[in-house]
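Subject: Structure handover

Hello,

Please find the structure below. My notes on what was found follow it.

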Amino acid sequence: MSSGSGIDVRYVARLARLDLTEEEATLYQRQLDRLLEHVESLQRLDVGRVAPTAQVVPLTNVLRDDVTCPSLDRAQAMAGAPAREGAFFRVSRIIEEQE
Amino acid sequence: MSALYQRSATQIAAAVNAREVSAVEVLGAHMARIERVEPSIGAFLSLTADLAREQARRVDEAVAAGKRLPLAGVPVAVKDNMCLQGTVTTAGSKILAGWVAPYTATAVARLLEAGCLPVGKANLDEFAMGSSCENSALGVTRNPWDTDRVPGGSSGGSVAAVAAGEAALATASDTGGSIREPAAFCGVVGMKPTYGRISRYGLIAFASSLDQIGPIARTVEDAAAMYGVMAGHDPMDATSLPRPVEPTLPALRTDLRGLRVGLVREFDTKDLGEEIDAAYRRAYAQLAALGAEIVDVALPHAEYGLATYYLIAPAEASSNLARFDGVRYGLRVDGANVQEMYGKTRAAGFGPEVKRRILIGTYALSSGYYDAYYVRAQKARTLTAGDFERAFAACDLIACPAASSPAFEFGAKSDDPVSMYLMDYYTIPMSLAGLPALSVPCGFVRDGSPGGRELPLGLQLVAPLYEEARLFAAAHAYEQATRYTLDRQPPVVESVR
Amino acid sequence: MSGTMVEQTYEAVIGIECHVELKTASKMFCGCRNEFGGEPNTQLCPVCLALPGALPVPNRVAVEHVVRAGLACGAAIPSFSKFDRKNYFYPDMPKDYQISQFDMPLVSGGVVRFRREDGSEGSCRLTRIHLEEDTGKSTHMGSGDGRIAGSTHSLVDFNRAGVPLMEVVSEPELRSAEDAVAFLEYLRLTFLYLGISDVKMEEGSLRCDANVSIRPVGSTEFGTKTEIKNMNSFRSVWRAIQSEIERQRSVLAEGGRVAQETRGWDEANGITHSMRSKEQAHDYRYFPDPDLVPLTLEAAWVEDLRAKTGLIPIAAYERLERACGLAPAQIRQLLGDPALVRFLLQTVDMRPDDVAFAQAAANWLLGDVLRMLNERGVSIDGQRTLTAQALAECAELAMAGAITSKTAKELLERVMAEGGSPKEIVAREGLAQLSDPSMIAGIVDQVMAANAKSVADFQAGKENAIKALVGQVMKVSKGKANPQLAESLLRERLKQP
């Protein structure tokens, strides 16, 4: 099951919200193609009966009790805000998502 | 007795607790040392002298009131991907330049409670992605053994600070080798605990299922003491292990009798060059001389480690780093609309290595490739863990190199990401399996150039899950028998006066 | 118009997706208050603001709420579940991924049974229920009407970010706007009865979207569906679906094709309008959240939750119908107040299988008790004085003719004001109705003697005069005389010469 078609750096960059210059796109395309070649070695592995490992520690049901604790005050929460308006974080115009 | 900045953490704490010296004095000696060597080392992105002074006064008061603190008055460098309330915390990235953390990471908070003095925030590869510290967007850190060389990475600032005597201890984090490789490069002890042993709360995430905080110190004993303070369950981290932490200090040993040490067939050192090969052979022989039984073990999937890691880690990173979007904190580059702002902010804020990893990780998770890449890598991860399980049926510890070379010169591997990634060949499999592993100095090699300096090498010891105490015990025995860096300072110490 | 012909030809296929904010003290993954209407950006911490280094820890009660929702709908609870990250950028989503559940939701299947306005039965199966976190809230500025279209910028309040959110997805089994609303109403009531949500559409704690398509009657294939958003009340759900069905019918009637798209409901103009010209294929890059560990829903845990499920609205409906013989309109009046229903059923349970008693109790509750509660501005569980036992005693006394209905009313008033047992009060204060003819006869004689004019009037043929005489008997007996008995005794005596 080769993953075949290779990486489309422009598409992936759009998904990742990362503007790339022409030069960057060319450079990363080459470098990532090379990395993917290396990674292709995994396709040789027989993993048919192998369970995936998402976490190495055998923990389950790590849950917290439903108790509240103090929040940051607004000044602290908004101290790093690049732009604010009154009590709100401000962002420029949101356009409906296009992917 | 040696200068204050040369003393071990254990010695400092003992002296401060005994009121032979005050925490304020210890801090003064280290701040002076920092002032002298920092221009040539560049271990720190920022100094936190005021915070450290305040803390030193508190420690002195506590000690005067009869309290004994395990790390009383010990100066610590905090890797700058860990939050320390009120300090600029950047992860070495332009996207976070100037961001002041409003809270403190659990591991760091425990160090403060134990009496540590936070002297500064240590440089690192941006978001801990790198093996040389050259990926930091905010500063250059040099190897104290040879300032033309990299300190290793990503915890380059942490190891350089400790090696150069700017701090007795440093916090570091390891995702694929970011503690062990730089520790080897700078001739210090660096230890990555079992995944989940030390809380990740407040550690700026790179790859959540691999990231683990660990200690950097000049002696194994110090590393064990620091580990003991940081380790233990934290309800703020859902992946934190709820099991008790075995005490490490009482378990320290001076021999290895009764221990079986496995040498990994796939990690033959012949290809690393004659001198390096000889150094590791000497190290293994020393383990045997200390009473260890040397056995042969196999990690048949080791060759897939790198490929596995370079899918899983970037995939997690691509998601973890999405939050740097210019909305709530950090850099913003404005655009006509939010979507444009995202693209520009992230383009300006992230460096090339981070971008590469975001791209590859996004790709590995994207529709149509998820099973072929991400899920397959997770399955390969299972195979790696299985390798270790089988190996540890035949041995109690594994010994192998911590890196495939000593510290290299700046720029030597910048052109080819994959050759840089290969630096982590010996450390990645343990990260994938979540195992505790440690790097301890195991000798020096000449860099080969005329008048070239001697560069330290690191021996990596690996233990089964949860067996940190065994790891420290064995490393201590080896260190005490060899004393490669115990009686020797990096040359930078003499050069800067 | 060909309308009637078209209406005969097509049937609607409707599926509902709802988001329900869970009622908990704290948020889904942190300890910030889960409270509607706080001052903007005051219910935030490093976790829900997605500060670098912060980690989520799931709220146990939120998990249990979802499991209970599933159990109440008769769903299977899988033994294994996990959280996944859904990756997409949006300014009011702090992490730029949402912690959600992808392929292993907490609840699979289940069915919601409902009753229509006329009392007929309907049902719709559920596909799944999963647990996730809510986003913050954006206010769009500069467009005049708060809409995103034409806005110049947006303001974000993150208080809601991280509030536990349950997503319920139905199968496309609803066939009319009426059924869709009835389904939603029973879903809402179910969560209200379980106490797991406020389910207030006006506060956004219940939000729903509808997938609507039409197909020729008898066809088993689905037509192209549209997703309808922005419906702010059950009435707008009904209107929007109705309008969309009509729109799709006209499109097909005119030989057109329904486009797969998202459409927004325009309440003012009563139409849906296209929100996105074509449905974008999203690439959410779901993967298991590496900051969280899996959930295993052991049988003991699930059974414990099952035991706590309690009364659900459709079961309440059936009992009110069968045990109390209430009409659909009466049941609807009661059903929205789970405390009132529980109170009534608790009352009714005191005399099982006694329909007359149940009806009497229901009538007292729906009539006088509700009136008294309204006058006092309290809910049935907001007062402690009137117990189910007290209502049952009142109903029993009245049914048995032991007290007059006037006395019963007064008793209820008194018990509501001061508490106590109606039976004891009646016994203690001799309030029992006089049903002994020999005792009433004395009063009748006394009244006839004292009201000669009325007696003469009646005997002269003025039938109405008897009312005045009965009234006098009631007055003299302090309201305790059985009025029917008093009247018949009066008539008997008046006939005598």
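A word on terms before the notes: helices (H or I, at least four residues) and strands (E, at least two) are DSSP runs, numbered from the N terminus. Keep in mind that this is a predicted model.

**Chain A**

Chain A has three helices and two strands. Along the sequence they follow the pattern α-α-α-β-β. The C-alpha trace spans about 55 × 45 × 25 Å along its principal axes. A compact globule of 99 residues would have a radius of gyration near 13 Å, but chain A has 22 Å. Buried residues account for 28% of the 99 residues of chain A.

**Chain B**

Chain B has 16 helices and 11 strands. Its C-alpha atoms fill a box of roughly 65 × 50 × 50 Å along the principal axes. For 497 residues, a compact globule would have a radius of gyration near 23 Å; the 21 Å of chain B agrees with that. Of the 497 residues in chain B, 68% are buried. Take the contacts in chain B between residues at least 6 apart in sequence: 76% of them join residues at least 24 apart.

Domain 1 covers 4-261 + 402-495, and domain 2 covers 302-380. The centres of domain 1 and domain 2 of chain B are 27 Å apart, taken over C-alpha atoms. Their contact takes 28 residues from domain 1 of chain B and 23 residues from domain 2 of chain B. On the domain 1 side, α13 (417-421) and α14 (428-433) of chain B each supply at least two residues. The largest share of that side, four residues, comes from α14(B). By class, the domain 1 side has 18 nonpolar, eight polar and two charged residues.

**Where B meets A**

How many residues of chain B are in contact with chain A? The count is 59 residues of chain B, against 47 residues of chain A. Several elements of chain B give two or more residues to this side, including α9 (305-320), α10 (338-349) and α11 (352-365). The most comes from α12(B), with 12 residues. By class, the side of chain B that touches chain A has 33 nonpolar, 16 polar and 10 charged residues.

**Cores**

The largest nonpolar core holds 333 residues. Within it, B:L71, B:L169 and C:A361 touch the most other members. Helix α3 (residues 177-194) of chain C gives the most to this core, with 13 residues. Another core, of 16 residues, lies apart from the largest one; among its members are C:L434, C:V470, C:L485 and C:L490.

**A helix in chain C**

Look at α6 (residues 313-322) of chain C. Its buried residues are C:P313, C:I314, C:A316, C:Y317 and C:L320. An α-helix has 3.6 residues a turn, so residues three or four places apart point the same way. The cover over the buried residues of α6(C) includes β6 (111-115), α3, α7 (328-335) and α8 (338-348) of chain C.

Best wishes

Terms used. Residues are numbered from 1 along each chain as its sequence is written. Chains are lettered from A and ligands numbered from 1 in the order in which they are written. This is a predicted model: local features need pLDDT of at least 70, side-chain atom pairs count only at pLDDT 80 or more; totals for chains, interfaces and linings use all residues. Domain bounds come from an automatic or database domain assignment. Two residues are in contact if their C-beta atoms, placed from the backbone, lie within 7 Å. Ala, Val, Leu, Ile, Met, Phe, Trp, Tyr, Cys and Pro count as nonpolar, Asp, Glu, Lys and Arg as charged, and the others, Gly among them, as polar. A nonpolar core is a set of buried Ala, Val, Leu, Ile, Met, Phe, Trp, Tyr and Cys residues joined through C-beta atoms within 7 Å. A residue is buried if 20 or more other C-beta atoms lie within 10 Å of its own, exposed if 12 or fewer, and partly exposed in between; C-beta atoms are placed from the backbone. The radius of gyration is taken over C-alpha atoms; the globule rule is 2.2 Å times the number of residues to the power 0.38.
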